[in-house]
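Here is a short report on one protein chain. Look over the model first, then read on.

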Amino acid sequence: MVAGSMMATHVASPSCSAPLRPSTASCRWWSSGGSTSSTAALPAWSAANTATNRRHGMMPVIQRMCFATSDYCGAGGSSLAPVAARCSGIGIGAGLSVSVWRGARGGIRCHGPRADRHACTASLPPQPTTLDDVVATMDETQLSALATEWGYEQLGTRLPDGLTLSVLSRAVPDDATAFSMKQLVLGVALPLSLMCAGYAWMAFMHSIIPGWQQAACWVLIGTGYFGLFSVAHDAARMALLPDGHELQNVLGSLVMAPSLYSLEAWRVSLLVHYAQPNMLGEDSSGWQPLTKARLAAMSALERRWAWLASTTPLKLFGSVSHWLSSWGGFNLKKYYPPMRLTMLGSWSVPFWFMAIAWPALIASGGLAAWFDCWLMPWLVFHFWLSTLTLLQHTAPHVPFEPPGPKYDAGQAAVNGTVTVALPAWLEKVINYANYHLPQHLAGGVPFYRAKSATASIEAKLQPFVNRARFNGRLLRNLVERWQVYDEDKRTYVTFAQAVAELDAQAVAAASASPAT
């Protein structure tokens with residue numbers, strides 16, 4: 001059903017003048033295909049109405065809709081409960097009706113004679129205007145249905161006002177930062193052994209290896225390296241060796257070198273991400289969505305490239321672009337003078353890797369060896385880096401806030417982060433990189449305690465966290481539906497919809513301008 005289409009109408013009785021009272025209403029359960037279940041008796045004000053819209057990805061599988069009896073003056077929805085419901089007092093009488101509408105601005109609307117309609121509308125509670133506002137007003141049944149539609153297990157609601165990061169960090173248990181050499185060694189050994197197995201099989205089979213086995217080796221090596229990169233990630237946020245900062249810098253730089261990332265550049269961008277998660281235009285270290293405003297400023301050729309990068313599986317390799325930008329054009333002026341020498345040294349490590357490893361690979365097996373042993377595993381690594389980063393900070397109800405007084409770092413950290421569960425064996429291989437929430441609340445949580453710390457946080461902040469299990473629906477939505485971020489709607493639209501709206505705005509502006 002299109003936006004703004006009428007969902008149900010409650011017509012008042014002409015003789016009605018009594019207040020609403022706790023009787024029952026006949027409630028039908030509806031799905032996108034029509035009536036699906038029997039009726040049930042519910043208090044009229046407990047019948048939930050949902051402002052949802054398929055175009056914006058908000059159509060839940062089930063919607064509850066109640067048709068009131070004559071005892072209710074024709075008002076049958078929870079959104080009308082706060083109304084001073086004496087019908088004559090708010091103008092509900094002959095010829096006036098109240099409707100529940102779907103749409104981006106869906107809610108309760110009044111119809112009838114103009115004077116009465118204005119009186120009725122003035123008495124109604126304010127309706128949500130953006131997607132995150134709508135989600136904040138939903139009950140558990142509606143949230144569950146919407147989560148299923150999007151591919152999540154749970155959609156978190158907004159935190160109460162005034163909860164700062166320092167307060168929220170108390171949800172992290174005290175032992176979550178405890179160091180364990182055994183867990184660290186295991187975290188290095190498991191992904192390293194996976195990489196060695198992939199390289200050993202390719203060397204053993206050599207030129208007779210079947211294509212599918214070669215691809216499997218690329219996946220083994222790239223996935224294993226992503227697990228090692230998680231160890232280097234801990235070094236970048238100084239959580240690897242709490243009492244050995246210099247050693248962890250050396251280890252982190254060496255482990256990160258095959259990715260061609262600089263440890264210090266990664267660290268700087270990471271600290272920016274922790275300080276300003278989901279801040280529009282500023283949190284460029286994690287990822288910034290393609291915005292409608294940015295799309296409007298693009299040339300036709302740039303839009304074509306943007307279409308490829310945001311609407312095709314190439315989106316799942318978007319961290320390659322982040323890797324290129326992490327070098328910052330080798331502009332040392334972006335860093336404070338005391339940091340510049342350190343940055344030069346850190347930048348040199350990936351170049352030393354290229355200077356040594358690449359010629360060795362080419363000398364031993366030609367470009368094919370470089371392709372099989374580095375390039376393809378590197379792309380698999382970027383698949384995991386891109387996909388998990390996108391999933392962790394992308395959801396239709398999670399807005400990217402511009403800098404300003406409305407930005408809430410605590411809200412962005414907790415409700416702006418999605419925990420995506422993976423198969424247990426895969427989580428161990430990648431060193432629990434999918435459990436990102438603890439890092440926003442306590443930077444010293446090592447990778448091997450990330451899962452247990454997340455469970456503790458969820459137990460204390462259960463209604464406010466977003467959870468999902470990796471699945472095809474979630475991945476398809478990420479690529480096919482959540483493509484361009486609309487700053488005004490504070491949610492994602494498809495690329496085609498964004499372009500159509502921009503073109504319509506351009507036509508309207510041209511027609512409104514005086515003829516020359």
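This is a predicted model: local features need pLDDT of at least 70, side-chain atom pairs count only at pLDDT 80 or more; totals for chains, interfaces and linings use all residues.

Which residue lies over the face of Trp-307, and at what distance from the ring centre? Arg-304 does, at 4.7 Å.

**Annotated spans**

The unreviewed UniProt entry places the feature "transmembrane region" at residues 184–205, 211–232 and 341–361. Two of these spans can be checked against the coordinates. Residues 184–205 are 100% helix and 0% strand. The C-alpha atoms at the ends of that span are 32 Å apart. Residues 341–361 are likewise 100% helix, with 0% strand. Here the end C-alpha atoms lie 31 Å apart.

**Aromatic pairs**

A pair of aromatic rings is described by the distance of the centres and the angle of the planes. The model holds 27 aromatic pairs. One of them joins Trp-323 and Trp-378, with ring centres 5.1 Å apart and planes at 80°. Planes over 60 degrees apart count as edge-to-face, so this pair is edge-to-face. Trp-323 sits in helix α12, residues 319–325. Trp-378 sits in helix α13, residues 337–392. The pair therefore ties together parts that are 55 residues apart in sequence. Both partners fall under the 20% limit for buried residues: Trp-323 has a relative accessibility of 15%, and Trp-378 has a relative accessible area of 8%.

A tilted aromatic pair is formed by Phe-330 and Phe-351. Its ring centres are 6.1 Å apart, with 50° between the planes. Phe-330 belongs to the loop between α12 and α13, and Phe-351 to helix α13, so this pair ties together parts 21 residues apart in sequence. Phe-330 is partly exposed, at 45% relative accessible area. Phe-351 is also partly exposed, at 40%.

Ring pairs also build a cluster. Its members are Tyr-225, Phe-226, Phe-229, Tyr-261, Trp-266 and Phe-381.

**The second largest pocket**

Rolling a probe the size of a water molecule over the atoms shows where empty space is left. The second largest pocket has about 650 Å³ of space. It is lined by 32 residues. Those closest to its centre are Asp-132, Pro-399, Glu-401, Lys-406 and Arg-490. Which helix gives the most to the lining of the second largest pocket? That is α3, with 4 residues. Helices α3 (131–136) and α14 (409–414) each supply at least two lining residues. By class, the lining has 14 nonpolar, 9 polar and 9 charged residues.

**Positive phi outside glycine**

His-206 has a phi near 50°, a positive value in a residue other than glycine. The residue lies in the loop between α6 (181–205) and α7 (211–236). Is His-206 buried or exposed? It is exposed, with a relative accessible area of 61%.

Leu-260 also has a positive phi, about 65°, although it is not a glycine. Leu-260 is found in the loop between α8 (245–256) and α9 (263–275). At 2% relative accessibility, Leu-260 counts as buried.

**Contacts across the sequence**

Now the setting of one partner from each pair. Cys-373 lies in helix α13. This cysteine is partly exposed, with a relative accessible area of 21%. Ala-498 has its place in helix α19, residues 495–512. At 0% relative accessibility, Ala-498 counts as buried. Val-268 is in helix α9 and counts as partly exposed, at 27% relative accessibility.

**Helix α13 in review**

Several of these items meet in helix α13. Trp-378 of this helix pairs with Trp-323. Phe-351 of the helix pairs with Phe-330.

How values were computed:
Residues are numbered from 1 along each chain as its sequence is written. Side-chain values use heavy atoms; hydrogens and water are left out. UniProt positions are given in the numbering used here, feature names are shortened, and annotations may be inferred rather than shown by experiment. Rings of Phe, Tyr and Trp (its six-membered ring) pair if their centres lie within 6.5 Å; planes under 30 degrees apart count as stacked, over 60 as edge-to-face and the rest as tilted. Buried means under 20% relative accessible area, exposed over 50%, partly exposed in between (1.4 Å probe, protein chains only). A charge sits over a ring if NZ of Lys or CZ of Arg is within 6 Å of the ring centre and within 35 degrees of the ring normal. On a 1 Å grid over the protein atoms alone, a cavity is a set of points where a 1.4 Å probe fits but cannot get out, and a pocket is an open set with protein on both sides within 12 Å along at least five of seven lines; lining residues have an atom within 4 Å of a point. Grid points are joined across faces, edges and corners, and a volume is the space filled by probe spheres set on the points. Ala, Val, Leu, Ile, Met, Phe, Trp, Tyr, Cys and Pro count as nonpolar, Asp, Glu, Lys and Arg as charged, and the others, Gly among them, as polar.
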